[in-house]
Amino acid sequence: MALLINEISHTFGEYLLIPGLTTHACTPDNVSLRTPLVRFKQGEESPIHLNIPFVSAIMQSVSNDTLAIALARNGGLSFIFGSQPIEEQAEMVRRVKKFKSGFVTSDANVRPSDTLEDVLNIRRETGHSTIGVTEDGTPNGKLAGIVTSRDYRLGTTPLDTRVADFMTPMEKLTVGRQGISLKEANNIIWDHKLNTLPIVDEEGHLMYFVFRKDYDSHKENPLELSNKLTKTLLVGAGINTRDFKDRVPALVEAGADVLCIDSSDGFSEWQSDTLKWIKEKYGNQIAVGAGNIVDAEGFNYLADAGADFIKVGIGGGSICITREQKGIGRGQATAIMDVAQARDEYYKKHGIYIPICSDGGIVHDYHMTLALAMGADFLMMGRYFARFDESPTRKLKIGNNYVKEYWGEGSNRAQNWQRYDSGGKAGLKFEEGVDSYVPYAGKLKDNLDLTLSKIRATMCSCGSIDIEQLHRSAKITLVSSTSIIEGGAHDVIRKERE
């Protein structure tokens, strides 16, 4: 008969944190959320740290280059989704690595021979009001001028007017030369009272734009996650156990800082084979995470196989139906605590610390702090990030509400058989994810700042000013269904919001 695990499997919603002593040092501004991303030896530092304990899920509807840039600028990391052609994924990685804080690559461009109608179409598609005019219409073509909303009048300027007839031409522009520092660029903007400063190379090709409106935002991102030497943002990428011999070299060449094998069930020889090949070919040149697993046995298998971090969680995602379809999985809270214990025992035995990532099961912001208290080093989230402007999906209005599309990698829409197969030649026979909507929430930074303030405040109540201390000293308790009700507003008539 099967081995029966008598322990009941619990979710985050069944626990609460018990306050610890809040000392004078426990203030939100003293709380550090810095956390290791990849394995390290005792007495050493992890080669890569996150400045906030968040990474975005390896999903088509979540992690593209725009989300990766926004999250890295705020201290976290994205894993560009792998369910796409290799070159397209590699190009997304390149776009993140090419991004320089304050230096924006122009992705809205026209030719001088294009028309006002073309300009308006680009504005509708991208939302950009400043459009580069290059001789060939490419982002890095020779700069001929720029178009802003001040260069034409809707309803007065004919739609078939050529761009060359109303743009601000190159000879009237103030430009910066490639190699200029951000400080120097901002000084030019202020000295010349500009809204936009094009940056060109020696041959006059457009390289970047620097915007006046971005000046304050540079000061607002002190946690930006970037390479100390090159100043490029850090970015990860998802891989599978099928085409990794072709995909990994392309991603490494594109500049990916870390990879992660993406699977609903990572306790497999397929993942061990993939890790072995990457380590033999690249050594310590590229870090690789693996998963997902839900118990100590799965953790130890992937740790011995060489995983640099290990993802925990099966079936807990809001769009995941793996538990319904296959009957496998485990409550996320129980899985995290079990694997965290295995990680600590592995560290004591081998002197190697392998961070664990909690993937799935987060419904409320306080669940994030619970996951960290239970032993997670960082969290991977999909639904949370899918709601923001920077995610790749469409914003729609349904009824009176704005929403964004969100679908699972195991859904038919993703058509990602490489992630959910079981080896062999057979493809995906059934879905393990659904196609859905999530409430639109606006800009990433605004929402992230609020979430992080909650985590810091909760950690102060627990008497902890960093995640390592939270691991050691946090106290949690199981709660009953009636005490969950007690914890919300009850036995009152709530006022309607005006």
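Which residue just after helix 6 takes a positive phi? Gly255 does, with a phi of about 110°. The model is predicted: local features need pLDDT of at least 70, side-chain atom pairs count only at pLDDT 80 or more, and totals for chains, interfaces and linings use all residues. Residues are numbered from 1 along each chain as its sequence is written, and side-chain values use heavy atoms, without hydrogens and water.

**Helix 6**
- Helices are DSSP runs of H or I with at least four residues, numbered from the N terminus.
- Helix 6 spans residues 244–254, and its buried residues (under 20% relative accessible area, 1.4 Å probe, protein chains only) include Phe244, Arg247, Val248 and Leu251.

**Nonpolar cores**
- A nonpolar core is a set of buried Ala, Val, Leu, Ile, Met, Phe, Trp, Tyr and Cys residues joined through side-chain atoms within 4.5 Å.
- The largest core has 105 residues, and Phe54, Leu77, Phe79, Val248, Leu259, Phe299 and Phe385 have the most contacts inside it.
- Helix 10 (residues 332–350) supplies the largest share of this core, seven residues.
- A second, separate core has 14 residues, among them Ala108, Leu116, Val119 and Val163.

**Cysteines**
- With a disulfide taken as a pair of cysteine sulfur atoms within 2.5 Å, the count is zero.
- Cys26 is in no disulfide, and the nearest cysteine sulfur, that of Cys460, is 5.5 Å away; Cys26 is buried at a relative accessible area of 8%.
- Cys462 is likewise in no disulfide, the nearest cysteine sulfur being that of Cys460, 9.3 Å away; Cys462 is buried at 5% relative accessibility.

How values were computed: Buried means under 20% relative accessible area, exposed over 50%, partly exposed in between (1.4 Å probe, protein chains only). Helices (H or I, at least four residues) and strands (E, at least two) are DSSP runs, numbered from the N terminus.
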